[in-house]
Amino acid sequence: MKGKQKALIEAKANVLKALGHPTRLWMAEQLEDGEKCVCELAEFIDADFSTISKHLSVLKAAGVVTDEKRGKQVYYKLKVPCILKYMSCIEAVIKTQAEEQAELL
């Protein structure tokens, strides 16, 4: 791997790493329906606001989300909504694995 190809692979890996944490993946999936403020996400996550903000910062640094401050609230939305389209493929992998395991029983 050389130059641009390596940089592209590393950039892709950074996006996948950002989505690789269950809480961050859940947050991204929640934003698929539209923007949400941190307070809305906090209602469903057993964590304090600073932890939630750190997760959102990781997603923002990876280019997954963008934010906008309105008064005291910060709203987040998916920067590129198609980011989650690969989830159906991942679910197909999970289903295939489960079927293969069931055959062993």
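**Aromatic pairs**

I counted aromatic pairs and got one. My rule takes rings of Phe, Tyr and Trp (its six-membered ring) with centres within 6.5 Å; planes under 30 degrees apart are stacked, over 60 edge-to-face, the rest tilted. The model is predicted, so I ask for pLDDT of at least 70 for local features and 80 or more for side-chain atom pairs, while totals for chains, interfaces and linings use all residues. I number residues from 1 along each chain as its sequence is written, and side-chain values use heavy atoms, without hydrogens and water.

The pair is W26 with F44, and it is tilted: 6.2 Å centre to centre, 55 degrees between the planes. I placed W26 in helix 2 and F44 in the loop between helix 3 (38-42) and helix 4. The two are 18 residues apart, so the pair links distant parts of the chain. Helices here are DSSP runs of H or I with at least four residues, strands are E runs of at least two, and both are numbered from the N terminus.

I then checked exposure (buried is under 20% relative accessible area, exposed over 50%, partly exposed in between; 1.4 Å probe, protein chains only). W26 is partly exposed at 26%. F44 is exposed at 62%.

**Helix 2 against helix 4**

How do the axes of helix 2 and helix 4 cross? Helix 2 (residues 22-31) and helix 4 (residues 49-61) have axes that come within 10 Å and cross at roughly 75 degrees. That makes the two helices roughly perpendicular (65 to 115 degrees; under 35 is roughly parallel, over 145 roughly antiparallel, the rest oblique). I fitted the axes as lines to C-alpha atoms over the stretch in contact, with angles from 0 to 180 degrees between N-to-C directions.

Helix 2 contributes T23, R24 and M27 to the contact; helix 4 contributes I52, H55, L56, V58 and L59. Contact means heavy atoms within 4.5 Å.

I looked up H55 in helix 4. H55 counts as buried, at 12% relative accessibility. Beyond neighbours within four places in sequence, H55 touches H21, T23, R24 and M27.

**V64**

Is V64 buried or exposed? V64 counts as buried, at 3% relative accessibility. I found V64 in the loop between helix 4 and strand 2 (65-70). Leaving aside neighbours within four places in sequence, V64 is in contact with V15, L19, L59, K77, L78, K79 and V80. D46 is 18 residues from V64 along the chain, and their C-alpha atoms are separated by 22 Å.
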